[in-house]
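Hi,

Here is the structure I promised to pass on.

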Amino acid sequence: MAPFKIGYFVGSLATGSINRVLANALIKLAPEDLEFTEIPIRDLPLYSYDYDADFPPEGRALKEAIEASDGILFVSPEYNRSIPGALKNAIDWGSRPWGSNSFARKPTGIIGASVGSIGTAVMQSSFRSVLSFLDAPQLNAPEAYIHYDAAVFGEDGEVRNEDTAKFLRHFMDEYAAFVARVLAANAPGHIGDLEHDSAKLTR
């Protein structure tokens, strides 16, 4: 079976992002039938509907990367109890112009690391509302709020604590199984709304 192509977002722009370290660990611990490509967000301008008639190259590249992916994984910090601005901006680009939402029916997973004890839980709760609006199916369990400890995570993806590695491996196994289920449900012959979003606007 061909591997599932997973596009992943790192929600932090910081050079030393701990969520990029977490992303490296997840890729190493993921099952072999997942193939990962980062979808960059750094160079996107701030979204405005003024761009809708003619997206800039960065916006087109983002949408093409999302649409080429079988599933989407978000690895993100929590800023002010919500989604980091750069990541939310990327989501806005990917969901526009109206009627061409690139996230629709893409199986998604959310995970994040923080030095704080709640480990991005509030951000993820806010994020789930956004994904629901975008018609992007979500892996709801296991939830993954990672308390980051530099002694546990190596930048190359090494996880030095076996309990942590076991949990992250389980999360990625569950995500892989979820991607397979969602894609099977969206296959031809299954019940589902296969109309392009723009067709719905005429109803």
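A word on naming before the details: helices (H or I, at least four residues) and strands (E, at least two) are DSSP runs, numbered from the N terminus. Residues are numbered from 1 along each chain as its sequence is written, and side-chain values use heavy atoms, with hydrogens and water left out. Do keep in mind that this is a predicted model, in which local features need pLDDT of at least 70 and side-chain atom pairs count only at pLDDT 80 or more, while totals for chains, interfaces and linings use all residues.

Let me start with Asn101, which sits in the loop between H3 and strand S4 (108–114). Asn101 is buried at 16% relative accessibility; buried means under 20% relative accessible area, exposed over 50%, and partly exposed in between (1.4 Å probe, protein chains only). Its side chain gets to the backbone nitrogen of Phe103 at 3.0 Å.

Leaving aside residues up to four places away in sequence, Ser17 touches Val10 and Ser12. Touching here is contact, meaning heavy atoms within 4.5 Å.

The other is Glu143, found in the loop between helix H4 (121–133) and strand S5 (145–147). Glu143 is partly exposed, at 46% relative accessibility. The side chains of Glu143 and Tyr145 make a polar contact at 2.9 Å. By that I mean a pair of N or O atoms within 3.5 Å; within protein, one must be able to donate a hydrogen and the other to accept it, and residues adjacent in sequence count only if both atoms are side-chain atoms.

Now the helices. How do H2 and H3 cross? The axes of helix H2 (residues 57–67) and helix H3 (residues 85–94) come within 9 Å, at a crossing angle of roughly 80°. That makes H2 roughly perpendicular to H3, the label for angles of 65 to 115 degrees (under 35 is roughly parallel, over 145 roughly antiparallel, the rest oblique). The axes are lines fitted to C-alpha atoms, for helices over the stretch in contact, with angles running from 0 to 180 degrees between N-to-C directions. From H2 the contact uses Gly59, Leu62, Lys63 and Ile66, and from H3 it uses Ala90, Trp93 and Gly94. Those residues split into four nonpolar, two polar and one charged.

Some to look at, including:

- Lys88 with Asp92, at 2.7 Å from N to O. The two are four residues apart in helix H3, so about one helical turn separates them. Lys88 is partly exposed at 30%, and Asp92 is partly exposed at 24%.
- Glu78 with Arg81, at 3.4 Å from N to O. Here Glu78 is buried at 17%, whereas Arg81 is exposed at 54%.
- Asp54 with Arg60, where the closest N and O atoms are 3.9 Å apart. Asp54 is exposed at 59%, and Arg60 is partly exposed at 39%.

Cheers

Note on methods:
Ala, Val, Leu, Ile, Met, Phe, Trp, Tyr, Cys and Pro count as nonpolar, Asp, Glu, Lys and Arg as charged, and the others, Gly among them, as polar. A salt bridge is a side-chain nitrogen of Lys or Arg within 4 Å of a carboxyl oxygen of Asp or Glu.
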